[in-house]
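This report describes selected features of one protein model in plain terms. Please keep the sequence and the structure in view while reading.

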Amino acid sequence: MLLLNKKEINASKICFFLAGFSIASWAPLVPYIQEKLKLNDFELSRIILLMALGSLMGIALTKHLISFFGIKRTLVISSLALTIATVFLSLIPNFALTAILIFIFGFTLSLLEVASNIYGTFLEKKYNKNLLSTFHGFYSIGEIVALFLISILLLINFNINLSISVPISIILVILCIFLKQIKNEKYQNKEEKGFAFPRGIVIYLALIASFTLMVEGSMLDWSAILMMEKTDINIEKSSYGYTVVVIFLALGRFLGARLIEQFGAYKIICTGLLFTSLSLFIIFSTHNIVLLFLAFALLGFSGANIMPIAVSIAGSQNKMSSVKAVYSVSTCAYAALLLGPALIGYISKISSLDIAFLFLSLFSLFILLVAVFNLRFYKKGY
């Protein structure tokens, strides 16, 4: 077994950290954009849709860019472009430029996320070691740091641009120092060319990963509103529920490698889906603020390692090439992250937000059955 190259591992960790920091930076930006550009809710939702379109295009082009530029250059380009887009977006220029920057932000964010997952699976295969749970843990840490750091800087009267641009620029410099030391793998094998639909076990992995990110995206967009509907918590504290989810996501991911070694990937996925269903049902059924926070914590911890394990298995199965498999799973998952909250909004419109979370709870039981019957024979690497 090769000895771990700490520079390669740390470069991957910082890539995930930057992606998490960037997506969390978006949350405090939204009210500033709405206020400065004087947008109503419908106009704001239309401009935010550009982020989703940019993300889908980034997902579609990631593998081709890696094939052309190599993994290191793709990570450098996407990190640099994402940082520049985020910094200029925080200036909130005029409507047209803000719309363009939101599109670029979504494009470069998805490019960095998918490329990071591909690089992470490459490192797992290279060192024959469970690494993706820890890498995704750094994504969650990036979210936590962004939520707390930007809030503190705004509290001491930094403007929104400085609150975002100073820390994210420092992260970029650190990342480039580490990325400079790694090899530039290009994945030029002929079988990697073109798009491939999921096949074999990758179909089920894509479905499982998609559901997991659907839940995560729904919590990002709807948990604050849910908290205000169910309790007397005010708007300033309404994001505390999502903060709890992110904290326990990070905790679960940093414990992920140890849990996988002790219990195995199959048991972690199945128990994770079971407790995801339970936590969503508690969220649906209670108005007690303490129970809601406990459910958010359980939801974060139980779902923490499902996506990393799905990506890891996709990278080591033998029905498809590893890059195509990881690309397929990541594409489906990030599409669900974008489309899932819209589905929850539609269900909420025709019924209620409670019923939307009940739907997620019941749907997670279906995903659990998919995992039970299709992953139980998969043991390689676990």
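## Salt bridges

Glu 8 and Lys 126 form a salt bridge in which the closest N and O atoms are 3.0 Å apart. A salt bridge is defined here as a side-chain nitrogen of Lys or Arg within 4 Å of a carboxyl oxygen of Asp or Glu. The pair links distant parts of the chain, with Glu 8 in helix 1 (residues 6–37) and Lys 126 in helix 4 (residues 95–127), 118 residues apart. Helices (H or I, at least four residues) are DSSP runs, numbered from the N terminus. Glu 8 has a relative accessible area of 5% and is therefore buried, whereas Lys 126, with 29%, is partly exposed. In these terms, buried means under 20% relative accessible area, exposed means over 50%, and partly exposed lies in between (1.4 Å probe, protein chains only).

By this rule the count comes to 3 salt bridges. Another joins Arg 253 to Glu 216, the closest N and O atoms being 3.7 Å apart. Arg 253 lies in helix 8 and Glu 216 in helix 7, so this pair ties together parts that are 37 residues apart in sequence. Both Arg 253 and Glu 216 are buried. The side chains of Lys 230 and Asp 354 also meet in a salt bridge, at 3.0 Å from N to O. This pair links distant parts of the chain: Lys 230 is in helix 7 and Asp 354 in helix 14 (residues 353–374), 124 residues apart. Lys 230 counts as buried because its relative accessibility is 7%.

## Basis of the model

The model is predicted: local features need pLDDT of at least 70, side-chain atom pairs count only at pLDDT 80 or more, and totals for chains, interfaces and linings use all residues. Residues are numbered from 1 along each chain as its sequence is written, and side-chain values use heavy atoms, with hydrogens and water left out.

## Cavities

Rolling a probe the size of a water molecule over the atoms shows where empty space is left. A cavity is a set of points, on a 1 Å grid over the protein atoms alone, where a 1.4 Å probe fits but cannot get out; lining residues have an atom within 4 Å of a point. Grid points are joined across faces, edges and corners, and a volume is the space filled by probe spheres set on the points. The count comes to 2 cavities of 30 Å³ or more.

The largest cavity has a volume of about 130 Å³. It is lined by 13 residues, of which Thr 212, Val 215, Glu 216, Leu 299 and Gly 303 are the closest to its centre. Helix 7 (201–230), helix 8 (240–254), helix 10 (265–285) and helix 11 (289–303) each supply at least two lining residues, and helix 7 gives the most, with 5. The lining divides into 8 nonpolar, 4 polar and 1 charged residues. In this classification Ala, Val, Leu, Ile, Met, Phe, Trp, Tyr, Cys and Pro count as nonpolar, Asp, Glu, Lys and Arg as charged, and the others, Gly among them, as polar.

The second largest cavity has a volume of about 50 Å³. Of the 11 residues that line this cavity, Glu 124, Asn 130, Leu 132, Ser 133 and Ile 260 lie nearest its centre. Helix 5, helix 9 (256–263) and helix 12 (306–316) each supply at least two residues of the lining, with helix 12 giving the most, at 3 residues. By class, this lining has 7 nonpolar, 3 polar and 1 charged residues.

## A nonpolar surface patch

Phe 148, Ile 152, Leu 155, Ile 156, Phe 158, Leu 162, Val 166, Ile 170, Ile 174 and Ile 247 make a nonpolar surface patch of about 900 Å². Patches are made of residues with over 30% relative accessible area and no salt bridge: like charges are joined within 9 Å, and nonpolar side chains (Val, Leu, Ile, Met, Phe, Trp, Tyr) within 5 Å. Accessible areas come from the Shrake-Rupley method with a 1.4 Å probe; for residues, only the protein chains shown count as cover.

Helix 5 (132–155) and helix 6 (160–179) each supply at least two residues of the patch, and helix 6 gives the most, with 4 residues. Ile 174 is found in helix 6 and is partly exposed, with a relative accessible area of 36%.

Definitions and conventions
1 Å grid on protein atoms, 1.4 Å probe; cavity = no way out; pocket = protein on both sides within 12 Å on 5 of 7 lines; lining within 4 Å.
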